[in-house]
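Work through these exercises with the sequence and the 3D view open. Try each task before you read its solution.

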Amino acid sequence: MKRALFLIVCLCFSINMMAQTKTITGVVADAAGEPIIGASVLEVGTTNGTITDVDGNFTIQASVGAKLDVSYIGYKTQQIVVGAPNTYKVILKEDAEMLDEVVVTGYGMSQKRSLMTNSISKLDDKVLQNAAMSNAAQSLQGTVSGLRVTNTSGKPGSSPNIVLRGGASINKNLEGPLVVVDGIVRSMDDINPSDIESIQVLKDAASTAIYGARANNGVILVTTRKGVEGRTQITYKFKGGINFAREGYKYLDAGDYLYYQRLGWQRTNGGSSMENQKGFGVNSGVDLAFMTDTNKHLLNEGWQSMTDPADPGNTLIFRNHAGELHDLTFRNAAFTQDHYLSLSGGNDKGTFSSSLGYYSEDGQIISTNYKRVNGTINGSYKLLPVLTVNAGGSFSWSKMPDLWTYDLKSPWNGETGEYELFYRTMSMFPTWNPWNDDGSPAAGWSNQDGNPYYWKDKLTRSTTNRKTSFNIGFALEILPQQLFLNGNSSMYYTDHQFELFEKKYQQIGQAPNTNRNASQTNTKVFQQQHALTLEYKKGFSGHNINAMVGGEYFDYQYQNLEARVSGAPTDDIPTLNAGTNRTYTTSTKTGYRILSGFARVNYDYNYRYMVSLVARYDGISKLSDNRWGFFPGISAGWNVHEEAFFKDSKFSEVVSLIKPRISYGLNGNVNGIGNFDVYGKYGSVGAYDGNLGYLNTGVVNSKLRWEKSHTFELGLDLGFFNNRVHMIMDYYNRTTSDLLTDVNLPEYTGFPSFKTNLGTISNRGFELEAKVNLLTRKDWSWDVTANTSFVKNIVKKLPFNGNVNNRQGGEQVWDPKSNSLVWLGGIQEGKSLGDIIAYKQVRILRDWDDVRNHAGDFLDEVANLYGPDKAAEYAGKPGWKPIEPGDVLWDDKNGDHIINSYDRQVVGNIYPKWTGGFSTTLNYKNWSLYGRFDYAVGHTIYNDLKARILGQYNGSFNLITDVRDSWSETNTETGIPKFYWADQNAKKNITRSNNGTTNLNNNNSSFYEKGDYLCLREVTLSYKFPKDLINKVFLTDASVYVTGQNLFYITGYDGTSPEPVMDIQANGRGGIDNGRYPTPRTVLFGLQLSF
Amino acid sequence: MKIKKIILAFAASAMLAGGCTSLDMDPVSDITDLNYWKTPEQFDSFVFGLHSRFRSHSWNMFLLGEARSDVFGGIPFGGEATQGMERFPYNTLNAENPGINGFGDLYQNINQMNLFISRTLHTDVLTESARNYYLGQVYGLRAYYMYQLYRSWGDAVFTEEPSLGFEVGKLAKAATPAAEIFEQVKKDIESSLSYFGSDYTIKEKKSLWSKAATLMLKADVYLWSAHRDGGEGAARMAKNALVDIQNNTSRNNLDLMDTFQGVFAYDNKGNKEIIFTIHNELFEYNLWNGNNDLFPQADYLGKFYNADGTLINTSVENNFGIMRLMVKLENFRKFLPGDTRRDVTLKDVYNKVENGKLELVGLYPHKYWGVMNGSTRVRCDDYPVYRYSDLLLMLAEAEVLLGEDPAAEINQVRQRAFGDAYDASTVGFPNQEVDKDPADAVLQERLFEFMLEGKRWYDLRRFGDSYVLDYTPAESARLLWPVNQGALTNNPLLKQTVGY
């Protein structure tokens, strides 16, 4: 490079300049000497230009003295001055400094990172490069500070749960950020990750205020790939991989199963009716019998025998089917493939790009699958020198077969049964033969308690989604380089279809079911957005101003049609035309509109002092009296390192960047309000003898308004050693007031709850992102990035309801400190959210001495148990049982020797405190090794699956091997109570007051486990073929790689996934692991070719 | 604010681009408060809505009326987890395990009734007769609901004001003393009767409230008073109400069915025995909202035996569920030989023990036999609230209280129950053992007649607390129901039921 410059300079001075055109040739290469293909060479101030060929060569007509700009994306632009020589060699330097990262700030505006005063995180594009993702939102897990992303299910196509900065809500499901894809408000589902150019997260209120009333929970801006001027490219990418199942619990074999079950039944119920009990009774239709002379021969056919633990006089003969269903259900080695073809190009008049993608992922569970087809097209054209138009469209189609584990009695309830597969089907009794004599799969007792191979074909459910977007826009340059008018209109149409058909099936002990239920639901959403913006840019004597003002109209229309039939005569036609009974039909329509105006001014002086002002004014049809809201934001920053005094100081040798930032802003949220809630509703409550009944289903609530978040934020950007170490730190204090809060109403009002604007919650937290270049040598480089977030939520204010702390819900317990009853949990002023309250297990009572000494006069009102001293009074009373060895010794908090709800205590919190991730990239020549980890710390998970199994709540299911460590006369030092059949009917050692139902609170404390984890989310080894090799086959880029995804979790959690359970209200199952579809371990092979 | 104006100008331009200028949208799939109470059809639909919601409360009403009585208490033979339901018959309910939360959701209909009454009193949309009939129905319904609260919780919050908006912080409201609630019930009954006037029509296959239903309620309420205060006047009021129904309805429309089974037949809904019933229907609504706590599991049942020693055929006995509450075995044995009500009401299930001997181990309802949907049986029978035999037996009860002879009414019921096997000299009143005490005779007849119709606990309570203590393990201090913690939190002025 130096040599080239020297050459140019020498030539310039030694030869007289002549204003005459000549042919110049040259070659453009990168620092490594590799030729750059498609670099643009443009004579400054003219339209005279060309691009380099596959060898990096160019030819151009230029006169001596002309200036040529040589540029290529990702490289710093070089200027050469034409002198006497006719050939030039240009070396372009990579422009990889994070400082010059361009950050999109919304509504077509962008800003350089160095001038930015806000908190906006940009996803490292390596995350999207190699891994195979059925949902693009998965890329955000552990990669962006301030976002808590958790996998809700490992089922292909499932969307993860995303929450910004701990969420701003008291008693509803935490909402995710507003997702804006190329200006269109939509979800990230069904977007092809390969189409994504960048993902950014707007976090502070001063940046999100531009999205006003919907930006309370942050904004995710997704930009898709567009054509680039002067660069024609055809790229094909392929990923193929295998998904391996993540193992769950180990279950007992049939012998151990029979031992514990028969003993457990005897303990709980005495001997009666045992032989009719499913799974372990000899009359229950499983491979089990009392041994007789006539069946003895089975021992030669794979059967085994054992002494009946319930009656040593009998011998049992049985066959072990343990593990068979597990092996049938899990596809150990399911395949993923991802094909992607993109074409793009452009010249000075216009650009064009299009892409086509196909993705297919088989789940670990048989029959689960996700297929997706994507197509996009984008173009822009300069109609007039001052007018550019652009247009684009995208289409996606995806299909997911749903699991067969819905509740058969009410198959219309949507996808509720996924966990049943991991609880029920996996724990089917090992004495049952899942195959019929003829080799066909056996139905079993139900769709959840049977052979999946039978049910997956009988009960078919599938979800199909079609999403189409279209946008057209223009940019008019009113004053050159200064004033621009931009318009953009978009339409987004989604079509969701759910189909269900139940073929003829027959459960054990029942007549064949020929109802042949069929249903179809179609949901259509049509959304339009129209925006107009005026932008002004001006720089004069060090002052730079960039201002924008705009308006937007947003319209959302929803309609839904659902029909159900039954009674088709055959299995042949799954659609509704074959049904003979029209059992249910409904359709609904609804919608809302938002009208907005917004403005932004960015100002800086000499790149040193920056100020940014943002405001938005929103009106929405969902509200009536308080329809309009104003959302302003202001932020400022100071590039200290640009100051002369700093540059002169010694600090500058170490500290290369120092930029303090401050911001304040106001956001809104209105998502908690139904479209017509404020007006008071009269809705259908179902037909009565064929006559539709209406009732008042919602009271008039016209005073509702936006909930508002005020965020104050302090940030600091730091760079060390020429920015080889770069850090971004943020502290924020977000107070959300006027929270749309459901207030529980007194029963007499006739309504369970009422929405108000009466809560305040504060989230305070700290975020750190760091990027470190550890090593740069000739052939080597090593970069590390890391991010971490901490958040704490406190409820500041609640609607007054006369309770202490205006508490809603919660549990009353004894507080030994104050020697009084206090309320824990629920929602209370001054308290955080998500606390779990349970009965504390001190230990297992070892023997009778232990019982007499420590629980002698105990009265357990939860399970109706009495200690030996109380026997005289309680023995024989209906519903009462004695406390015995092997039962739990409960923590008697208030020391009254009565175990009741007052003895509960806090045993954890469902929310993680710290979340984050880190990545490392090691490059050696053409090889690259990339690893990405994420973690969450501080959350507790209620392991309901384990409790349910060890408590044998169901009665028949197989037990996990942990039961072998349960209390017995010979194993008295243990944490697991004596095994009883149906804990909820016996001693309630595990379920306590829940009676075997699934609830977060009120279980035995030892089933609440820390969920802290570290996950190796991705590791990739890639190889880029050298240019000189691939150029011969007309390739510009070629690389291959191997990736491992979700390889392991480091965690102390016992279940299949330690990730926090965040669907707080969906089933009221926040914090509860009652069986989850685990994320698979995936190994991928990838290939990328560009022409 | 200047900036706002500029912004708004842009907003307006974007709006024009969108071709629409209004943020005022009207709902399509709902009706708003502004548009309701404008047409007679809306009033009519609201009355159906009230009954539809009544129907959704029927399981809770069943539990309130029967679960704690001596009907139940058997150990469910399916071995199912009872999930706390055993606390009803054991009468071990306490503040932590109240059995029923939020007053059984009953207020969710009472409030709608309040709204209906307040709107209907001041409407000019309806004709005088339509308006009066509606008010007669809804005052009657409200009395029925309040009577449930009175019998189950004693003190209860009462307001006639419908909920039209809420002012947070001013919502707590103390309970009204039980005695006043009881007076309110009587007041609503009188309002109902006066609005009905002389209109005795019963509409919609007798699944809508009617004057006869109010009179039945009135009889029940005054019998309650009579048993407590020993007042002859109250018993007379009860008797008069019942006779009023008899006198003003034709026996063609209101009489005992010929067979006991016929009363519950799916294809004979609204039959002549019915006075008021909850309507259920295939594809519309299942009995007790589909609750299946009283029924056995299919595959389990198939391993047991009928009384004749044959294995139970689950394609015949195809009424399934997950049994958590079972009828006490001795209730099956209490029926006298020849009483057809036994096998209509209950299915007896046997286990084979040594020597092929049969042992009665399970009972489940046969009363609500449902109808086949394809290959599945669906329980969607009507759930009777008042029927003619109830009228007869309450009449007998009033006669006993008045010192009159109840034989005619009791024997009418017994005669139908025994059919051809009826022999007045052995089973006719006063020839049964139980008939020595006519009150006991009426009470037992009601057990046989109304088992699983949600009446037994209330019957015991009506006859007097000593009956409850004799027949159930309930403690005298805990005959009412506890209030769940959530309800106390939601309304800080509410107090836990005395005794809990």
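Contact means heavy atoms within 4.5 Å. This is a predicted model, in which local features need pLDDT of at least 70 and side-chain atom pairs count only at pLDDT 80 or more, while totals for chains, interfaces and linings use all residues. Residues are numbered from 1 along each chain as its sequence is written, chains are lettered from A and ligands numbered from 1 in the order in which they are written, and side-chain values use heavy atoms, with hydrogens and water left out.

**Exercise 1. Describe the surroundings of A:Asp625.**

Step 1. Locate the residue. A:Asp625 sits in the loop between β30 (609-620) and β31 (628-638) of chain A. Helices (H or I, at least four residues) and strands (E, at least two) are DSSP runs, numbered from the N terminus.

Step 2. List the contacts. Not counting residues up to four places away in sequence, A:Asp625 touches A:Ser702 and A:Lys703.

Step 3. Look for polar contacts. A polar contact is a pair of N or O atoms within 3.5 Å; within protein, one must be able to donate a hydrogen and the other to accept it, and residues adjacent in sequence count only if both atoms are side-chain atoms. The side chain of A:Asp625 makes one with the side chain of A:Ser702 at 3.1 Å. It makes another with the side chain of A:Ser624 at 3.5 Å.

Step 4. Classify the accessibility. Buried means under 20% relative accessible area, exposed over 50%, partly exposed in between (1.4 Å probe, protein chains only). A:Asp625 has 46%, so it counts as partly exposed.

**Exercise 2. Find where B:Ser58 lies and what it touches.**

Step 1. B:Ser58 belongs to helix α3 (residues 58-67) of chain B.

Step 2. Its relative accessible area is 3%, so B:Ser58 is buried.

Step 3. Leave aside neighbours within four places in sequence. B:Ser58 is then in contact with B:Trp288 and B:Tyr383.

**Exercise 3. How many residues does each chain give to the contact of chain B and chain A?**

Step 1. Chain B gives 98 residues, and chain A gives 108 residues.

Step 2. Take the area. Buried area is the accessible area (1.4 Å probe) that two parts lose on being put together, summed over both. Between chain B and chain A, about 8,500 Å² is buried, and carbon and sulfur atoms give 59% of this.

Step 3. Look for salt bridges. The rule finds four across the interface of chain B and chain A. B:Lys205 forms a salt bridge with A:Asp689, where the closest N and O atoms are 2.9 Å apart.

Technical notes:
Salt bridge = Lys/Arg side-chain N within 4 Å of Asp/Glu carboxyl O.
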